[in-house]
Amino acid sequence: MTAAALFGAATANAQEAPFTGGYAGAEAGVIEHHFYLDVTVNDRPYSSRYYRDTGFGGGAFAGYDLAIARRWRIGGEVEGTAGGGTPDAVVRDDYRYGQSPRFGFRVTGRLGFVATPRLLLYGKGGYGGNRYRLTGNAAVQDAHGWSSSFAVGGGAEWRVSDRVGLRLDYTHVDNSSHQLLLGAPIRF
């Protein structure tokens with residue numbers, strides 16, 4: 001009975017205060033992956049630059065939001081992604097190095113502002129990373145299949161109904177990726 005009472009209270013609170021409670025959904029859009037490469041030839045600097053590529057990607061997310069004031073929400077979210085661009089470096093037509101994305105993750109805290117009863121604007125920050133398959137014949141020092149760092153971003157969620165919404169979400173994982181994804185959160 002206690003569990004039923006707590007679940008009922010949480011459900012009633014979610015219906016009274018928009019953008020509260022648990023949610024999960026799917027998302028799709030563009031993911032840009034990048035890496036920075038310092039190239040030396042015969043121990044002399046040759047070039048240093050970012051290599052970038054953008055492609056279609058998507059994933060899934062789940063989180064929970066709490067009302068901390070009438071218009072303010074605080075919460076947390078986990079996200080998994082796949083796809084995106086495959087950056088490739090070609091050095092002097094002889095050597096190649098590339099990073100093909102396999103999957104990524106994000107764990108972030110969120111702070112949101114209910115601009116209207118149907119619109120939530122939020123910022124987020126936390127930690128994230130991406131797993132890559134390394135390709136090419138160039139000898140790259142410190143080449144790793146994992147890239148992880150701090151993650152920051154933000155977005156907007158529009159309530160289509162009491163339980164279903166649409167969101168536009170941007171996330172940057174430092175020295176790894178940018179993503180702009182359109183998602184469909186379902187609140188429960």
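How do the residues of the lining of the largest pocket divide into nonpolar, polar and charged?

**Before you start**

You are looking at a predicted model, where local features need pLDDT of at least 70, side-chain atom pairs count only at pLDDT 80 or more, and totals for chains, interfaces and linings use all residues. Residues are numbered from 1 along each chain as its sequence is written, and side-chain values use heavy atoms, with hydrogens and water left out.

**Stop 1**

Select residues 95-116, strand β5, and then residues 119-136, strand β6. Strands here are DSSP runs of E with at least two residues, numbered from the N terminus. The two strands pair in the antiparallel sense over 18 bridges; to pair, strands need at least two bridges found by DSSP. A hairpin with 2 residues links β5 to β6. Highlight Gln99 and you will find Leu134 of β6 opposite.

Tyr122 has Gly155 in β7 as its bridge partner.

Stay in β7 and click on Ser149. Is Ser149 buried or exposed? Ser149 counts as buried because its relative accessibility is 16%; the cut-offs are under 20% relative accessible area for buried, over 50% for exposed and partly exposed in between, using a 1.4 Å probe and protein chains only. Leaving aside neighbours within four places in sequence, Ser149 is in contact with Gly126, Tyr127, Gly128, Val173 and Asp174, where contact means heavy atoms within 4.5 Å.

**Stop 2**

Select residues 177-187, strand β9, and show the side chains.

β9 runs antiparallel to β1, with 11 bridges joining them, and Ala26 stands opposite Ala184 in β9. Strand β8, residues 165-173, is also antiparallel to β9, through 7 bridges. Look for Asp169 opposite Leu181. Between β8 and β9 the hairpin has 3 residues, and Asn175 takes a positive phi near 55°.

**Stop 3: the largest pocket**

Select Leu37, Asp38, Ala139, Val140 and Gln141, which lie nearest the centre of the largest pocket among its 26 lining residues. The elements giving two or more residues to the lining are β1 (21-41), β5 and β7, and β1 supplies the largest share, 8 residues. Here is the answer to the opening question: the lining divides into 14 nonpolar, 9 polar and 3 charged residues.

**Stop 4: the largest nonpolar core**

Select Phe35, Leu37, Val39, Tyr51, Ala89, Val91 and Tyr97, the 7 residues of the largest nonpolar core. Such a core is a set of buried Ala, Val, Leu, Ile, Met, Phe, Trp, Tyr and Cys residues joined through side-chain atoms within 4.5 Å. β1 and β4 (88-91) each give two or more residues to this core, with the largest share, 3 residues, coming from β1. Zoom in on Phe35: beyond its neighbours within four places in sequence, its contacts include Arg49, Tyr50, Tyr51 and Pro87.

**Last stop: Gly83**

Finish at Gly83 in strand β3, residues 72-83. With 28% relative accessibility, Gly83 counts as partly exposed. Not counting residues up to four places away in sequence, Gly83 touches Ile31, His33, Phe56, Gly57 and Pro101.

How values were computed:
Helix = DSSP H or I, 4+ residues; strand = E, 2+ residues; numbered from the N terminus. 1 Å grid on protein atoms, 1.4 Å probe; cavity = no way out; pocket = protein on both sides within 12 Å on 5 of 7 lines; lining within 4 Å. Nonpolar A, V, L, I, M, F, W, Y, C, P; charged D, E, K, R; others polar.
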